[in-house]
Amino acid sequence: MAPHPVNASPDAPARTPAPRSGPPTDPPAGAGKSEQAYRWLRERLAGERYAPGHRLVLGTIADELDMSVVPVREAIRRLEAEGLVTFERHVGARVSLIDDTQYRHSMETLAMLEGAATALAAPHLTAEHVAQARRVNRRLVEQLDDFDPRLFTSLNHRFHAVLFAVCPNPRLLALVDAEWARLGHLRDSTFTFVPDRARESVREHEALLDLIVSGASPADVERAARAHRSATLAAYLAREHPDEAPVPTGATSPER
């Protein structure tokens with residue numbers, strides 16, 4: 001059945017897909033060994049069980065997963081392509097070290113990807129989706145007086161996931177998920193560095209929801225989503241690297 005538009009009152013509330021938060025613990029049935037190893041490793045990187053600089057020993061990982069080193073090597077090559085793992089001569093694979101350049105590039109990428117996913121999802125959002133997003137944003141507001149950056153970041157991800165989860169382009173969703181996992185490795189929470197940005201962020205969430213409910217064009221939704229993200233990166237750079245801070249334009253950079 002086609003979804004109700006956001007300004008409709010559906011007879012039965014639509015069930016919102018669960019927000020994505022990195023790879024699942026268990027791979028889907030039938031997944032190849034390389035895919036299993038990739039998901040297993042990426043989950044541990046996202047959960048910070050392997051710290052930056054940690055050496056990834058193929059034989060040890062293969063033994064733990066009860067498989068040969070071949071699929072493990074393939075999985076690590078995928079993680080290298082994503083920038084999460086680095087190969088060093090005579091050393092092997094290590095978890096990539098964190099630097100602000102990687103972080104900035106990843107956030108700029110997510111700004112474009114998630115902005116596009118939100119714009120494509122907007123026509124498919126139901127009244128229940130919007131209500132759920134507002135409930136999450138109210139929880140974010142409640143966090144402002146007793147601020148926990150990690151919890152705020154988790155709820156912030158959940159808010160945005162409600163808005164982009166119904167995007168009809170699965171490839172785009174996969175790319176958004178990959179960037180969120182990468183950001184989880186690069187930074188625990190941007191709001192740790194710029195807690196004052198949180199209050200403005202929740203106001204922008206409400207403005208974005210109002211824009212979607214009003215039936216704004218996908219281009220306007222995408223522009224607003226990207227501007228929202230850009231403002232958080234600008235706040236971070238203004239604090240940590242004042243000479244590099246961009247002026248938020250809505251064309252670059254996300255928040256996390």
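Author: Accessible areas come from the Shrake-Rupley method with a 1.4 Å probe, and for residues only the protein chains shown count as cover. By that method the protein exposes about 12500 Å², of which carbon and sulfur atoms supply 51%. This is a predicted model, in which local features need pLDDT of at least 70 and side-chain atom pairs count only at pLDDT 80 or more, while totals for chains, interfaces and linings use all residues. Residues are numbered from 1 along each chain as its sequence is written, and side-chain values use heavy atoms, with hydrogens and water left out.

Reader: What makes up the secondary structure of the protein?

Author: Nine helices and three strands. Helices (H or I, at least four residues) and strands (E, at least two) are DSSP runs, numbered from the N terminus. The order of elements from that end is α-β-α-α-β-β-α-α-α-α-α-α.

Reader: How many of the 256 residues are buried?

Author: Buried residues come to 45% of the 256.

Reader: Why is α8 called roughly antiparallel to α9?

Author: Two packed helices are described by the angle between their axes and the distance between the axes. The axes of α8 (residues 197–213) and α9 (residues 218–240) come within 10 Å and cross at roughly 175 degrees. Axes are lines fitted to C-alpha atoms, for helices over the stretch in contact, and angles run from 0 to 180 degrees between N-to-C directions. Angles under 35 degrees count as roughly parallel, over 145 as roughly antiparallel, 65 to 115 as roughly perpendicular and the rest as oblique. That is why α8 is roughly antiparallel to α9.

Reader: Which residues of α8 and α9 meet?

Author: Contact means heavy atoms within 4.5 Å. Among those in contact are R197, L208 and I212 in α8, and D220, A224 and H228 in α9. The residues of this contact divide into eight nonpolar, four polar and three charged. Here Ala, Val, Leu, Ile, Met, Phe, Trp, Tyr, Cys and Pro count as nonpolar, Asp, Glu, Lys and Arg as charged, and the others, Gly among them, as polar.

Reader: How do you know which strands pair with β3?

Author: Two strands pair if DSSP finds at least two bridges between them. Four bridges join β2 to β3 (residues 92–95), and two bridges join β1 to β3. Both pairings are antiparallel.

Reader: What makes β1 and β2 edge strands?

Author: The open sheet has the order β1-β3-β2. β1 (55–56) and β2 (85–88) each have a single partner strand, so one side of each is left without a neighbour in the sheet.

Conventions: Buried < 20%, exposed > 50% of the residue type's maximum accessible area, 1.4 Å probe, protein only.
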